[in-house]
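Have the structure open and follow along.

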Amino acid sequence: MSESKNNKKNWPLWEVFVRSKNGLEHRHFGSLHAADAEMALENARDVYTRRNEGVSIWVVESKNITASNPKDNGELFEPASDKVYRHPTFYDLPDEVKHM
Amino acid sequence: MSLKKHDFRENGDKIDYLLTIADNSLILGQRMGELTGHGPTLEVDIACTNIALDLFGQVRSYFQYAAQLSGKSCTEDDLAFLRTEREYKNVLLVEQPNTNFAYVIAKQFLFDHYHFLFLNELQKSNDTTLSAIAKKSIKEVSYHKRFSSDWVLRLGDGTTTSKEKIQKAINDLWPFTQELFEPNEAEEKAIELGYGVDISKLQEEYKRAVEKVLIEATLEVPVLEFYQRGGKKGVHSEHMGYLLSDMQYMQRTYPGMKW
């Protein structure tokens, strides 16, 4: 109940993703409050791209994001920490190959 | 210091025209800037101050050009901060107080639609500097128009309270809209010589555009017999003196100070 009461006063939270250049992926820039998607987009333009940071914006309401629980970090991420062979570091790269 | 037309010798008319169009953006920008740190939400606060900065950027282009035309007898800062009230030629609309957020939006909305049509025409000016300024500014103003029109829709088609407030603001500011389309002496000269915009021809399209938004926002379009005018001739409302004393404070107190 307290949540619905709260929502009447405060606009919902949105996550903002900005593509800084064509060819690059959208990156998470931050979050903001807005009444709906259209306002979120305009607010994102004003808050996050005012110094020429972007060419494209995505917004998604924060509640629609499913996040992993930090409590599960042990089982989710730790098993990967001792498996160095999963990094492609055991190959000799020819000098001509750049940017690897 | 006083800046009079006769100080500027041969370019006086064009400088007067530049002041007439730039002062609208200057004073509206000053009003918008009053929201810095006082906007209804952080996001809207930043949006409003962005608009103020866009407007000041445009003003600088006009004033730098005017200073150049004056043969360097004044600087852009002199023009912004050292004129007396009567020497400002902005329309009465833009100097009206913010009162509440509905007034901020209504004022911006009623000016943006004019500003957009004006810059659209100014792009065709036979003065290449003016047309270049217009080309650069119109993108910014398209966004201002989108922002303020969106908010008119939200407030008009929102709650009973928001509708009441925006309707009152529109009603109160409506009497100042007619002046936008009445050329002053400098504008008449500018139209005649082809570097200015014939603003009297913009009124019908303005009416159409503004009414379309108001109707969509379920608001009533005011019907009026009498309109207020005077700002373009330098005769301002009682609010202008207070605005100027705020805006000019630093330059008046510390003459010649640099940022």
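Helix 1 of chain B passes helix 8 of chain B in a left-handed crossing (the near helix is turned anticlockwise from the far one by less than a right angle; clockwise would be right-handed). Keep in mind that this is a predicted model: local features need pLDDT of at least 70, side-chain atom pairs count only at pLDDT 80 or more, and totals for chains, interfaces and linings use all residues. Residues are numbered from 1 along each chain as its sequence is written, chains are lettered from A and ligands numbered from 1 in the order in which they are written, and side-chain values use heavy atoms, with hydrogens and water left out.

**Helix 1 and helix 8 of chain B**

- The axes of helix 1 of chain B and helix 8 (residues 185–193) of chain B come within 8 Å and cross at roughly 115 degrees. Axes here are lines fitted to C-alpha atoms, for helices over the stretch in contact, and angles run from 0 to 180 degrees between N-to-C directions.
- That makes helix 1 of chain B roughly perpendicular to helix 8 of chain B (65 to 115 degrees; under 35 is roughly parallel, over 145 roughly antiparallel, and the rest oblique).
- On the helix 1 side of chain B, the contact (heavy atoms within 4.5 Å) is made by Asp13(B), Asp16(B), Tyr17(B) and Thr20(B). Helix 8 of chain B brings Ala186(B), Glu187(B), Lys189(B) and Ala190(B).
- Sorted by class, the residues of this contact between helix 1 and helix 8 of chain B are 3 nonpolar, 1 polar and 4 charged. Ala, Val, Leu, Ile, Met, Phe, Trp, Tyr, Cys and Pro count as nonpolar, Asp, Glu, Lys and Arg as charged, and the others, Gly among them, as polar.
- Helices (H or I, at least four residues) and strands (E, at least two) are DSSP runs, numbered from the N terminus.

**Two other helix pairs in chain B**

- Helix 1 (residues 12–33) and helix 2 (residues 42–69) of chain B have axes that come within 8 Å and cross at roughly 155 degrees, which makes the two roughly antiparallel.
- Their contact holds 19 nonpolar, 5 polar and 2 charged residues.
- Helix 5 and helix 6 (residues 128–156) of chain B have axes that come within 7 Å and cross at roughly 145 degrees. This crossing is left-handed, and its contact has 15 nonpolar, 10 polar and 2 charged residues.

**The nonpolar core**

- The largest nonpolar core has 89 residues, and Tyr17(B), Tyr62(B), Phe118(B) and Leu122(B) touch the most other members. Such a core is a set of buried Ala, Val, Leu, Ile, Met, Phe, Trp, Tyr and Cys residues joined through side-chain atoms within 4.5 Å.
- Helix 5 (residues 101–122) of chain B gives the most to this core, with 14 residues.
- Leaving out residues up to four places away in sequence, Phe118(B) touches Tyr17(B), Ile21(B), Tyr62(B), Val197(B), Ile199(B) and Leu202(B).
- Ile15(B) sits in helix 1 of chain B and is buried, with a relative accessible area of 0%. Buried means under 20%, exposed over 50%, and partly exposed in between (1.4 Å probe, protein chains only).

**Positive phi in loops**

- Most residues other than glycine have a negative phi.
- Asn52(A) has a positive phi, near 65 degrees. Asn52(A) lies in the loop between helix 2 (37–48) and strand 3 (56–61) of chain A, and at 70% relative accessibility Asn52(A) is exposed.
- Thr99(B) also has a positive phi, near 55 degrees. Thr99(B) is in the loop between helix 4 (92–95) and helix 5 of chain B, and counts as exposed at 58% relative accessibility.
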